[in-house]
Amino acid sequence: MPNIVLKAGSRPPWVGLAAAVWVLIAAGNGYNFPLYSPSLKSVLGLNQQQITILGVANDIGESVGLLPGIACNKFPPWALLSVGVVFCFLGYGVLWLTVTQTVIGLPYWLIWVALVVATNSTTWFGTAVLVTNMRNFPLSRGTVSGILKGYAGIAAAVYTVIYKLVLKDSDSELLLILTLGIPILCLAMMYFIRPCSPASGEDSSEHVHFIFSQVASVLLALYLLITTIISGVVSLSDTVSYILVLIMVIILMSPLAIPVKMTLFPAEHKRHVPPSDSSDHLVPKEGESTPTDSLLTPSSSGTNLGSFYENDDALDADILLAVGEGAVKKKRRPRRGEDFKIREALVKADFWLLWVVSFLGVGAGVTVLNNLAQIGVAFGLEDTTLLLTLFSFCNFVGRIGSGAVSEHFVRLKMIPRTLWMTFALMVMLVTFILFAFALNGILYAAIPLLGICYGVLYAIMVPTVSELFGLKHFGLIYSFMGLGNPIGALLFSGTLAGYVYDAEAAKQSSSSCVGPDCFKMTFLVLAGVCGLGTILSIILTVRIRPVYELLYSGGSFRLPQTSGH
């Protein structure tokens, strides 16, 4: 692969971050399954377990990102976005043809495959923007992760507002937008998602810019929640509906105000002096031995972005040749906090602890999300779109809140980010127990709590992976972590929830189940799953505390030396 040319200047990373907002809204297309799944069920004549299996296909598509994880180190972001555009067009195109009955008699397996292809566009979109922005802002990983994952989480509410106010609950028109609108949007943003010279983190205005981005996203979330509630209570005219959607679009564009402000009011550039906790001070003085026993100065993942795109096979060959010639001593295995390759990460206990914790927590959360419409009906709610918006809003709160809170405490107290995963799993445990016994009003209390915890688990995973295993192969390692989502969905949603629901529906001699028993056993099992996740998360937090004490001992992220990777 040719060398990646980094876009220089202080503005390009912020332009890329603003464009990433739109791409991540597009990447939230998988959240729309609860909106159009009733049409698939009626048109194809499916039972609940078959619909749940389609929900698993939806999760597999949006979670299996190994290919984009590999590609992000070999190809520029526009190439990944292009693949996502093609997948989105083809997959949702088949679903649109099915729901509109333009093509009749498509087999069930083809619909399943189309869903996998359609939602797999999410991984190509998300990997392209997430990896690029994490590398563009290597010293603010938790904050950037929270902002980006927050917008991805609130995408469901954006689609719901469009679905209610513009499309008037039309499933076919929603699928048409997913087929044509998302590809057009991503093609328009493609130019702006590009590798840039990493932000130094020393600009005093950078903190203000991040706060502005967070406030803008919170404002958007509140606006979407209020708009959805109003549209459900009051009948709005077409003119008012379009005005409300236009305001939403303007709020979505607000992150662009940062590069515009930087253009109109450029900051004075001061001579850069490396901070005391920067990686420059990790380079040994003359006569001192290096951690890698190397005569060559290794490059940091935060200071040499170009190294992210190097050919690993060629690099390994060069190092082996140098070893043979005596230029360097044999490299050691990386330590936690340095750049790992996927095969090196796979033999680490911390990797698998993090994977299992994510698998248990996210698998339990996605079970609720996939069955949200049926849960609402079982508890006597006719219109479940409000539940989806409520879950989406709280999912967003969990994502952006955990990013900001974990970043604060990791810098102030060096507390591992996984502690917040532990708290989230504990809350989920209690919530599922209360949900199982169907207490009065539990629906509108449990859904927000589960949404927040689901968002926390998703957002905390991103910076944690990059801090423990480095940024160089972050895309692939993070994508491997994401495999826990579809596996959890298959076990907990497809197998457990679908079977229990259909068994209870059969007792009622109906295809739809009504009453708390429809999901009682499912919720009790998920409570046990979250209990196990809590225990493992505590063990992981204790194990990695020394790593965070090393990385954040100076009050901000300290870039470690690599081990020759």
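Buried here means under 20% relative accessible area, with exposed over 50% and partly exposed in between (1.4 Å probe, protein chains only). This is a predicted model, where local features need pLDDT of at least 70 and side-chain atom pairs count only at pLDDT 80 or more, while totals for chains, interfaces and linings use all residues. Residues are numbered from 1 along each chain as its sequence is written, and side-chain values use heavy atoms, leaving out hydrogens and water.

Start by selecting 12–27, which is α1 (helices are DSSP runs of H or I, at least four residues, numbered from the N terminus). It's mostly covered, with 15 of its 16 residues buried.

A cavity is a set of points on a 1 Å grid over the protein atoms alone where a 1.4 Å probe fits but cannot get out, and lining residues have an atom within 4 Å of a point. This one has a volume of about 490 Å³, the space filled by probe spheres set on the points.

Last stop: Phe-432. Along with Tyr-36, Phe-432 has the most contacts inside the largest nonpolar core, which has 156 residues (buried Ala, Val, Leu, Ile, Met, Phe, Trp, Tyr and Cys joined through side-chain atoms within 4.5 Å). Now show α18, which gives the most to this core, with 15 residues.

Terms used. 1 Å grid on protein atoms, 1.4 Å probe; cavity = no way out; pocket = protein on both sides within 12 Å on 5 of 7 lines; lining within 4 Å. Helix = DSSP H or I, 4+ residues; strand = E, 2+ residues; numbered from the N terminus.
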